[in-house]
Amino acid sequence: MGEGLLYFIMALYAMEMRQYTPNDFVSLIFGFSNDIIKSMKSLGKYMTIVLKFIFYGGIHLIKIGILCAGDRELAPFLPHIQNCKESKKAMLKFYEGTINNVDIVTLYSGVCKTNAAVASQILIDNYNVDLIINAGTAGGMDSKLEIFDTVITTEVAHHDVNEDILTEFHPWMPSIYFRADETLLKLSQQVAKHFMSESDNAIYFGRTITGEKFITDHGRDEINSFFCPLSVDMETASIAQVCYVNSIPFIAIRTLTDTATHSGGENFDKNCDKASTISKDIVLELLNKIKNYY
């Protein structure tokens, strides 16, 4: 009874501080079933809420997974993590802590769709993230894009999976495209407006295509004619698919290392570090928007 009263008071306070709407308030009060409250896992999360209420003067439930493909893409994030704890699962190293008082878990999965899917599911199952941001680098497909421009994905598909595989079978998609979360897109648009006012590099919103090979010149025209994407990579669609079947919001923010006119692995190697830093800067701005929104 005492715990219920405390939670009720905390929820009222949070609504007064405008961190939650009245509808959210109802969900907070009635959303915890007796079975969940009895579980040790939820008890731990419940105590986390209490501690955050005490130390931060409000309730911040959000926990964000930041998933990169390679170690060079992850590296710019690591100096920003406070109270960092490392752990290992499935031969992957996870970094858990806070960035500007936002709870985050980040890692690099390794290149390719399977690695990214494994990492995404672990973030959801073992680290209880509420959303996933895919950060790092990509290749430009649209001729208007230049190296160090950034693509924020609005929708993504596999370019190397037959169209009916995901629509006629699990997960029975309405189309081949996985949509990025609308709220995260709106917050990203605010970030983009501010970022481009202070940077020479552009941010575009649009379609990304994912497949299990690095696209140079071979296959580029066929992919462009069928999908008309802004960018291509080897992980985003699988991350989006895992988020879709788990009902977890996702967004991808990836900066270009190569384009149609400057393609090839040598351009990736040359431009990866700078592109990864640009992606990181945009993601950190988005974290601040997310913190103030939720």
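A residue is buried when its relative accessible area is under 20%. In this predicted model, Phe178 has a relative accessibility of 1% and therefore counts as buried.

A search of the whole structure gives two aromatic pairs. In the other, Phe94 and Tyr127 have ring centres 4.7 Å apart and planes at 25 degrees, so the arrangement is stacked. Phe94 sits in strand β3 (residues 92–99), while Tyr127 is found in the loop between α6 and β5 (131–140); the pair therefore ties together parts 33 residues apart in sequence. Both Phe94 and Tyr127 are buried.

Helix α10 (residues 236–246) also packs with helix α6 (residues 113–125), at an angle of about 35 degrees and with the axes 8 Å apart. The crossing of α6 past α10 is right-handed. On the α6 side, the contact involves Lys113, Ala116, Ala117, Ser120, Gln121 and Ile124, and on the α10 side Ser238, Ile239, Val242 and Asn246. Sorted by class, this contact has five nonpolar, four polar and one charged residues.

As for the cysteines, zero disulfides turn up in a search of the whole structure. For Cys68, the nearest cysteine sulfur is that of Cys272, 9.8 Å away. Cys68 counts as buried because its relative accessibility is 1%, and Cys112, at 19%, counts as buried as well.

How values were computed
Residues numbered from 1 in each chain as written. Predicted model: local features only at pLDDT ≥ 70, side-chain atom pairs only at ≥ 80, totals over all residues. Heavy atoms only, no water. Axes fitted to C-alpha atoms, helices over the stretch in contact; angles between N-to-C directions. Helix = DSSP H or I, 4+ residues; strand = E, 2+ residues; numbered from the N terminus. Left-handed = near helix turned anticlockwise from the far one by under 90°. Contact = heavy atoms within 4.5 Å. Nonpolar A, V, L, I, M, F, W, Y, C, P; charged D, E, K, R; others polar. Disulfide = S-S within 2.5 Å. Buried < 20%, exposed > 50% of the residue type's maximum accessible area, 1.4 Å probe, protein only. Phe/Tyr/Trp six-rings, centres within 6.5 Å; stacked < 30°, edge-to-face > 60°.
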